Amino acid sequence: MSAVRAEDLRKHYRIRSGRGGDRVVHAVDGVSFEVPAGRTLAIIGESGCGKSTIARMLVRLTEPTGGRILVHGRDGVDRRAIQLVSQNPWSALNRRKSIRHALEQPLAVHGLHPGRAARAARVRELLGLVGLDEAYLDRRPGGVSGGELQRVTVARALAVEPKVLVLDEPTASLDVSVKALLVNLLLDLKQRLGLSYVLITHEIDIARHLADDVAVMYLGRFVETGEAERVFDAPRHPYTRALLAAVPAPGREPAEPLPGEVPSAVAPPPGCRFHTRCPLALDACARAVPALEPVADGRLLACLRADEPPSPR
Amino acid sequence: MAAAPETTVPETTVPDSTGPDTTGPEAAGAGAPAPGGSPLLSVRDLAVAFRTRDGEVPAVREVSFDLARGEILGLVGESGSGKSTMLTALMRMLPRNAAITSGRVSFDGVELTALRENGMRRLRGDRIGLIPQRPMTSLSPATPVGRQLRWHLDGLDEDGRLRELLAGVGLGAVLDRLDGYPFEFSGGQLQRLLIAVAALGKRPDLLLADEPTTTLDATVQAQVLRLLLELRDRMGLAMVFVTHDLGVISQVSDRIGVMYAGRLVEIAPAGALFDAPRHPYTRALLEAIPGRRRRGEPLKAIPGTVAGANRLPGCPFAPRCAAVVDRCHEENPEVREVGESLVRCHRAEEDR
Ligand SMILES: Nc1ncnc2c1ncn2[C@@H]1O[C@H](COP(=O)(O)OP(=O)(O)OP(=O)(O)O)[C@@H](O)[C@H]1O
Ligand code: SF4
Ligand SMILES: [Mg+2]
């Protein structure tokens with residue numbers, strides 16, 4: 001059974017507008033995926049393309065406009081089974097409350113480890129899991145570094161013994177060494193607790209290091225999904241290729257950026273949503289919507305020119 | 001000790017052309033002179049401290065460097081090493097509980113530490129731009145984004161100009177949503193709005209950019225970096241660019257400075273820093289990036305933490321350093337010149 005299964009997930013935000021009536025932002029527009037137990041799916045893609053909206057729907061912070069989410073085969077809301085570690089540890093925790101409070105609160109909400117002694121023991125255990133000592137318990141979020149705080153948010157997510165963690169940009173804006181520590185912590189916890197991860201990140205090197213599978217998203221839709229190693233080594237969709245080529249690395253010349261800009265999610269282009277910027281686009285791409293379909297090596301690709309031999313990068 | 005910002009010194013007017021080099025003769029040896037001509041920005045022995053319950057905590061110490069017109073200095077370093085504090089000190093926008101405790105900062109011949117607040121305000125608006133580290137917190141949540149943009153860009157209220165600014169950072173798509181509130185935009189979109197304001201709005205000479213692209217994906221980041229490099233080429237914009245992304249820093253910087261515990265521990269031309277890192281902290285940093293390991297293997301993090309490094313008598317990196325010797329615990333290393341690099345390490349000259 002898969003840890004998470006999303007079927008035709010959609011989220012449309014209606015924006016009230018003074019003139020010209022309401023507008024609808026198509027944040028997520030028919031996305032399906034599956035995370036087998038014990039695996040990590042990374043979702044990568046354009047800023048603002050809907051990645052964080054998927055994260056929020058998975059943990060039911062946002063109600064989907066359409067589609068279904070199954071966690072360990074179960075439909076309906078099970079807030080314990082799937083937990084979010086969000087992008088910004090500062091806003092995730094209450095500034096005025098101690099770290100002890102942050103860790104005790106989910107236990108209290110779910111009635112876990114009742115009794116003061118049992119609860120205190122669980123809190124110590126959680127801190128231990130993420131490699132922090134008890135001295136942190138009485139500090140407030142303002143008094144610890146970003147890397148330490150991100151560990152606290154991981155500990156808090158683990159408090160209710162979830163099966164799945166949704167990691168929304170867990171390492172963004174951490175320094176290189178702290179990032180490495182957090183990556184190591186995530187690898188270790190997954191092993192020890194048998195977790196599955198949905199990792200949402202724009203840091204391609206982090207996705208590459210942690211993911212078993214990857215989904216590439218552009219303007220609310222997946223354009224390519226597959227085994228991480230294959231997709232990263234030989235990207236097929238023109239957007240995936242552009243994205244990977246744009247990753248800066250020491251000693252590599254900056255890539256030619258994609259022409260044009262990300263179209264509005266209020267009025268996404270017809271046909272293939274990427275056609276306005278795609279170097280391979282044909283006239284047909286502006287009319288027909290390419291379906292996400294299997295190609296030879298088991299990956300799924302949404303491109304009318306999927307048959308083109310992949311050009312070497 | 002130099003004048004603290006509060007001191008009353010007759011207000012200096014801002015010259016339009018390159019001012020005389022007021023940094024004095026000792027400038028040449030101590031800092032890291034910018035290549036060619038008199039520098040646009042010259043920082044000497046800058047120190048900044050926070051007043052906390054446990055007394056005064058130094059956040060920036062003995063930092064010196066020069067920046068030429070059109071030059072880009074990248075800054076990397078441990079979280080909490082003082083990068084943001086230094087940028088806000090240069091802008092004289094430190095939080096209330098922080099102050100410049102010593103040092104001099106001269107911008108185009110004007111001594112900023114001695115400038116009155118209204119003179120500083122003028123410089124900030126017109127000639128020095130800041131892209132702050134957390135864009136979300138520098139926008140008001142209850143005001144439509146478009147109205148906030150117009151506040152920042154006062155005098156630039158024609159729609160054509162706004163269109164041009166937003167297109168410059170790849171944001172033409174949100175033009176029809178400017179009556180929306182900040183929460184209706186993604187972090188990357190808000191960050192680009194602030195880049196547009198700081199870099200394009202008033203056409204500054206100096207841009208202080210604190211992790212300007214951390215929330216952006218690779219393709220949008222490439223677009224923004226290209227825009228910044230173009231501004232440098234076209235208008236001689238100089239930049240101090242803070243980032244934790246070694247790939248980004250390698251692509252934008254002419255020189256790179258590495259900070260640890262408030263000190264600039266190494267500063268070198270970008271190529272030299274990657275080819276021949278001199279400081280043990282710089283080396284450890286380069287080894288910690290994921291690209292050097294196989295998938296799923298643990299990464300090589302730097303052991304220990306920076307905690308307490310400010311109070312040590314010797315080298316602040318000594319407790320975590322792979323090359324530490326006895327002397328490091330006793331004596332704080334002075335700046336040494338090794339090849340093209342300036343390094344604060346007792347063992348900088350050794351080939352290791
Ligand atoms: N408001 C404050 N009050 C007290 N100390 C502070 C305050 N802000 C920052 N500091 C301290 O000043 C030092 C420098 O912090 P700073 O934010 O400049 O680091 P940084 O290099 O920008 O880190 P990062 O990479 O995490 O952004 C740190 O020790 C930090 O804890
Ligand atoms: S001075 Fe000593 S402790 Fe400091 S970085 Fe150099 S070798 Fe390491
Ligand atoms: Mg900072």
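This is a predicted model: local features need pLDDT of at least 70, side-chain atom pairs count only at pLDDT 80 or more; totals for chains, interfaces and linings use all residues.
**View 1. Packing of helices H5 and H6 in chain A.** H5(A) and helix H6 of chain A, residues 176–193, pack at an angle of about 15°, and their axes are 10 Å apart. The two helices H5(A) and H6(A) are therefore roughly parallel to each other. Their crossing, that of H5(A) and H6(A), is right-handed. On the H5(A) side the contact is made by Gly147(A), Gln150(A), Arg151(A), Val154(A) and Leu158(A). These meet Val178(A), Leu181(A), Leu182(A), Leu185(A), Leu189(A) and Leu193(A) in H6(A). By class, the residues in the contact of H5(A) with H6(A) are 8 nonpolar, 2 polar and 1 charged.

**View 2. Packing of helices H3 and H5 in chain A.** Helix H3 (residues 99–109) of chain A packs against helix H5 (residues 146–158) of chain A at an angle of about 20°, with the axes 8 Å apart. That angle makes H3(A) roughly parallel to H5(A). H3(A) and H5(A) cross in the right-handed sense. From H3(A), Ile99(A), Ala102(A), Leu103(A), Gln105(A) and Pro106(A) take part, and from H5(A), Val152(A), Ala155(A) and Arg156(A). The contact of H3(A) with H5(A) is made up of 6 nonpolar, 1 polar and 1 charged residues.

**View 3. Packing of helices H3 and H4 in chain A.** The axes of H3(A) and helix H4 (residues 116–129) of chain A come within 10 Å, crossing at roughly 125°. H3(A) and H4(A) are therefore oblique to each other. The crossing of H3(A) and H4(A) is right-handed. Leu103(A), Glu104(A), Leu107(A) and Ala108(A) in H3(A) are in contact with Arg119(A), Arg122(A), Val123(A) and Leu127(A) in H4(A). This contact of H3(A) with H4(A) has 5 nonpolar and 3 charged residues, and no polar ones. Leu103(A) is listed in this contact and also in the contact of H3(A) with H5(A).

**View 4. The sheet of 4 strands in chain B.** This open sheet runs in the order E2-E1-E4-E5 (chain B), and its pairing is antiparallel. Strand E2 (55–67) and strand E5 (110–111) of chain B are the edge strands, each pairing on one side only. E5(B) pairs with strand E4 (residues 98–107) of chain B in the antiparallel sense over 2 bridges. Ser106(B) has Glu111(B) in E5(B) as its bridge partner. Helix H2 (residues 83–90) of chain B packs on the sheet and touches strand E1 (41–52), E2 and E4 of chain B. The direction of H2 makes about 110° with that of E1(B).

**View 5. The sheet of 8 strands in chain B.** The strands of this open sheet follow the order E6-E7-E8-E3-E9-E10-E12-E11 (chain B), with mixed pairing. Strand E6 (128–131) and strand E11 (336–338) of chain B are at the edges with a single partner strand each, so one side of each is left without a neighbour in the sheet. From one strand to the next, the twist averages 20°. E6(B) pairs with strand E7 (residues 206–210) of chain B in the parallel sense, over 4 bridges. Within this pair, Ile131(B) stands opposite Ala209(B) in E7(B).

**View 6. The surroundings of ligand 2.** Ligand 2 is surrounded by residues of chain B, among them the cysteines Cys315(B), Cys321(B), Cys328(B) and Cys345(B). His279(B), His346(B) and Arg347(B) also belong to the shell, as do Pro280(B), Ala318(B), Ala323(B), Val324(B) and Pro333(B). By class, the shell around ligand 2 has 9 nonpolar, 2 polar and 1 charged residues.

Note on methods: Residues are numbered from 1 along each chain as its sequence is written. Chains are lettered from A and ligands numbered from 1 in the order in which they are written. Side-chain values use heavy atoms; hydrogens and water are left out. Axes are lines fitted to C-alpha atoms, for helices over the stretch in contact, and angles run from 0 to 180 degrees between N-to-C directions. Angles under 35 degrees count as roughly parallel, over 145 as roughly antiparallel, 65 to 115 as roughly perpendicular and the rest as oblique. A crossing is left-handed if the near helix is turned anticlockwise from the far one by less than a right angle, and right-handed if clockwise. Contact means heavy atoms within 4.5 Å. Ala, Val, Leu, Ile, Met, Phe, Trp, Tyr, Cys and Pro count as nonpolar, Asp, Glu, Lys and Arg as charged, and the others, Gly among them, as polar. A residue is near a molecule or strand if one of its heavy atoms lies within 4 Å of it. Two strands pair if DSSP finds at least two bridges between them.
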